[in-house]
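Have the viewer open and follow along.

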Amino acid sequence: MNFSFFPKCYHLTVFLYLFVTYICNNPTNSGAVSLTQSTIDNILASNELVFINFYADWCRFSNMLAPIFDEAADKVAAEFPTPGQVVMGKVDCDKEGSIASRFHISKYPTLKLIRNGQPAKREYRGKRSVEAFLEFIQKQLEDPIKEFKDISELNNLDTKKRIIIGFFDQKDCPEYNTFRRAATNLKDDCQFHAGFGDVVRVMHPPGQPVVVFRPDVALSNERDEAYKGSLLDYDATSVWMADRCVPLVREITFENAEELTEEGLPFLILFHRPGIDDDTVKRFKDIVANDLISEKQNINFLTADGKKFAHPLHHLGKSQSDLPLIAIDSFRHMYSFPNVKDMEIPGRLKAFIQDLYSGKLHREFHYGPDPNDIHSSHHGSTGGSGSTTPPESSFKKLGPSKNRYTLLKDEL
């Protein structure tokens with residue numbers, strides 16, 4: 001018997017063993033990247049965009065989405081191969097519960113975009129197809145900055161939106177990279193423009209780029225403001241730009257209501273008639289900026305077209321003839337400010353907000369004003385008998401459904 005084949009068989013066996021071992025321990029880079037507690041922070045810190053699929057294996061909708069998301073990840077990786085640009089990741093929320101809690105995941109699958117380490121204000125709710133995901137990423141990576149070739153172009157900008165302008169020696173510099181990164185986070189809130197070289201040489205000292213904020217001059221008396229910090233400090237630059245791009249008082253519309261609701265803060269809303277109550281709107285914004293700035297982390301300051309948002313007014317027992325008026329929507333109930341003119345009284349609007357936190361608005365609605373409080377006033381359209389409840393929130397109904405895609409696990 002010829003045993004000469006044994007050495008070859010032996011070598012083949014070793015080769016197959018080593019090959020299988022390599023594959024098992026070195027999986028291919030296809031599909032979305034699995035993120036774990038030990039890897040997620042590094043992935044978020046080292047990539048401009050991270051688009052994450054938060055899923056659960058027991059969820060049928062998660063299983064349906066998985067191959068689509070993985071295929072889209074391959075296409076995105078092929079189109080944007082530059083390291084640090086974009087990663088499509090996935091998180092098994094049963095195995096990585098701490099990550100799910102960190103990002104407030106309550107339904108599956110949930111898709112969230114993280115840009116420069118910061119979660120987008122709203123989750124992705126677009127079409128769930130390979131093409132839609134690819135198009136979404138393409139749009140997110142579009143350059144938000146428009147380059148101007150002549151300084152005179154700055155005289156013809158659309159002043160209906162807040163503007164930030166950069167003046168640089170050249171595009172290939174770390175200061176411009178900081179400016180660009182911060183701008184990508186704020187492109188929905190501001191418009192960005194930049195000029196380079198000889199075009200802007202008279203606008204800044206040599207070797208010292210300048211970034212300037214131009215407010216909405218149609219609605220404000222503010223003037224251009226130059227950033228005085230270091231453009232090499234991304235965090236400081238980003239905070240400065242965000243504070244100026246995102247107005248302290250925003251206009252709520254049916255298009256952005258879901259996003260604003262998802263932020264989870266109560267609403268202080270001035271309902272008004274556009275073109276008629278413009279002076280009241282401006283005064284409301286001034287009072288918020290001067291007296292209520294300390295409350296910006298606790299409440300969203302908004303204006304609303306009273307004609308478009310007639311339904312919340314109806315809940316308050318009000319109509320178009322009662323405009324302008326101010327109300328709080330706590331996402332449980334709504335409370336009306338007694339008299340919009342009283343906002344001019346120092347401290348009165350702030351006290352109204354604090355009465356929400358203390359529960360005073362709710363108590364007064366049921367039992368009437370405290371006779372010992374000279375500033376106390378009845379809030380709401382009915383109340384005082386102890387048998388009524390404040391009007392239910394209207395705006396919480398415009399927020400995202402808690403069970404949009406699948407059942408919560410604790411409901412199974």
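This is a predicted model: local features need pLDDT of at least 70, side-chain atom pairs count only at pLDDT 80 or more; totals for chains, interfaces and linings use all residues.

In helix 11 (residues 348-358), the buried residues are L349, F352, I353, D355 and L356. Buried here means under 20% relative accessible area, with exposed over 50% and partly exposed in between (1.4 Å probe, protein chains only). These residues span an arc of only 155° around the axis, so they sit on the same side of helix 11; the arc is that of the directions from the helix axis to the C-beta atoms.

Residues are numbered from 1 along each chain as its sequence is written, and side-chain values use heavy atoms, leaving out hydrogens and water.

Now for the pair. The axes of helix 6 and helix 7 come within 9 Å and cross at roughly 40°. Axes are lines fitted to C-alpha atoms, for helices over the stretch in contact, with angles from 0 to 180 degrees between N-to-C directions. The residues in contact (heavy atoms within 4.5 Å) are listed here:

| Helix | Residues in contact |
|---|---|
| helix 6 | T178, F179, R181, A182, A183, N185, L186 |
| helix 7 | Y234, T237, S238, M241, A242, C245 |

Across the whole protein there are twelve helices and 15 strands, taken as DSSP runs numbered from the N terminus (helices H or I, at least four residues; strands E, at least two). Buried residues make up 43% of the 412 residues.
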